[in-house]
Amino acid sequence: MSDPRNMTTSAGSPIADNQNSLSAGERGPLLMQDYQLIEKLAHQNRERIPERVVHAKGWGAFGVLTITQDISAYTKARLFGEVGKRTEVLARFSTVAGELGAADAERDVRGFALKFYTEEGNWDLVGNNTPVFFVRDPLKFPDFIHTQKRHPRTNLRSNTAAWDFWSLSPESLHQVTMLMSDRGLPTDVRHINGYGSHTYSFINAENQRVWVKFHFKTQQGHKHWTNAEAAQVVGQTRESTQEDLYGSIERGDYPRWRMCVQIMTEAQAEQVAYNPFDLTKVWPHADFPLIEVGILELNRNPENYFAEIEQAAFSPSNIIPGIGFSPDRMLQARVFSYADAHRYRIGTHYEALPVNAPKCPVRHYHKDGAMRFTPNMPSADAYYEPNSFGGPTQNPEYAEPPLPLSGAADRYNHRIGNDDYSQPRALFEFFDQGQKQRLFANIAAAMQGVPEFIIERQLGHFDKVHPDYARGVREALAAAK
Ligand code: NDP
């Protein structure tokens, strides 16, 4: 057994000198055979993986979901199986647009991604602190993200690009109103709600499906900064959210969220006036009340940020028996694109990394590729399927009922006949005078430098939400001049 105080090469050989390179004479050149020097330099060159194209700046922690209410009538998912059941969870929060080194206190949507390590595989719920999103069709997603990123020539963020796109895409109004409201600039991630945002399905033991939306209500209350407060914070620290989350967990002040679901039957889904699979819409609480499911608590900081948070790979494709997808077209696209992003960012076998690996056995026939370190099947002869050597096989008991609501394949125009104004109006009318004034001021600030014709186009949308909305923004724009 080697002495644990001995430093070694990555191949395990003890290192005699980690201070002085090997040179030919005291003033002479270095030798190629100083593989320890070469190994160190080579590793340094490889210390980064591609940062996420979106949600690059993040903060995370581990915790537990404890079930407080029986919902087995809706789902057979075992993590909800009994009151008191506890499931280990990894949470990663993030901003959307900023790069890995961006300041935390920025006006932006916050990612709210959860990985539940259940006994039947990992379930990833990859949501935001808002229940809706800017677009409802994934064909528009890369364009939308381009507007949030840097201009190709100036290398600056562009207010013009953002408002040009939004004013040409009125389905964004709901999310834009949330982003420009108080909640668009939270002080940290303990004081935000989380939403699964998409519509998913629950499947019960009788193989009956209902549609479901997930909500996580902060138990710390909501806290946000004004733009002016955030500017001061960023002047003092760019890591305000990391400091808050890490510090509170180190102090034993564990953040908690009340997990709730909304349930809609397949029959109800055919009746509601809006498309229940449209990511720009909520399901009104009065029609679909929140049902409490459990309490999420975060209580453990990662030991190694890079290994456990930067390499954490969340994907909506990770579902478990009892939880399924829906016709939500944004969800359908994310089921592909998140897993694909991780294969590119981390590598083929990213799900075998300790933070991503399920806590239950994994039995598949994906084979080789970079970093394959998973073992063979119990019988090495079973390396394809079907086989005659006792390898694992499919189990039809897990088959879901067929997804309903299909139709003829076409490129349906989801703008025609779609009401993009009523739900933003309900939110606007929910705001008190102070909230409205701050909403107007935040929008006016975000419109600085935007050409007049784009502002006018956007004001036309605000006017359709509520005349007071357009009037308020117009006045705030005049005041900001
Ligand atoms: P309610 O009238 O029952 O409640 C309004 C909701 O708005 C509350 O859930 C509240 O969250 C939330 N809220 C308050 N301030 C903000 C903000 N700045 N940004 C985002 N959400 C905020 O809701 P309805 O179901 O009748 O829907 C009315 C409108 O409320 C919707 O059009 C939507 O804009 C918004 N909303 C609805 C949600 C839903 O799932 N139904 C979820 C979130 C917002 P809290 O309870 O935490 O205070």
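**Exercise 1.** Find the bridge partner of Phe202 in β7, then describe how β6 and β7 pair.

*Solution.* Step 1: Phe202 has Val210 as its bridge partner in β7. Step 2: β6 (residues 200–203) pairs with β7 in the antiparallel sense over four bridges; two strands pair if DSSP finds at least two bridges between them. Strands are DSSP runs of E with at least two residues, and helices are runs of H or I with at least four, numbered from the N terminus. Step 3: five residues lie between β6 and β7 in a hairpin, and Asn207 in the turn has a positive phi of about 60°.

This is a predicted model, where local features need pLDDT of at least 70, side-chain atom pairs count only at pLDDT 80 or more, and totals for chains, interfaces and linings use all residues. Residues are numbered from 1 along each chain as its sequence is written, and side-chain values use heavy atoms, with hydrogens and water left out.

**Exercise 2.** Decide whether helix α4 (residues 173–180) is enclosed, and by what.

*Solution.* Step 3: the cover over the buried residues of α4 includes α3, α10, α11, α12 and α13, contact meaning heavy atoms within 4.5 Å.

Terms used
Buried < 20%, exposed > 50% of the residue type's maximum accessible area, 1.4 Å probe, protein only.
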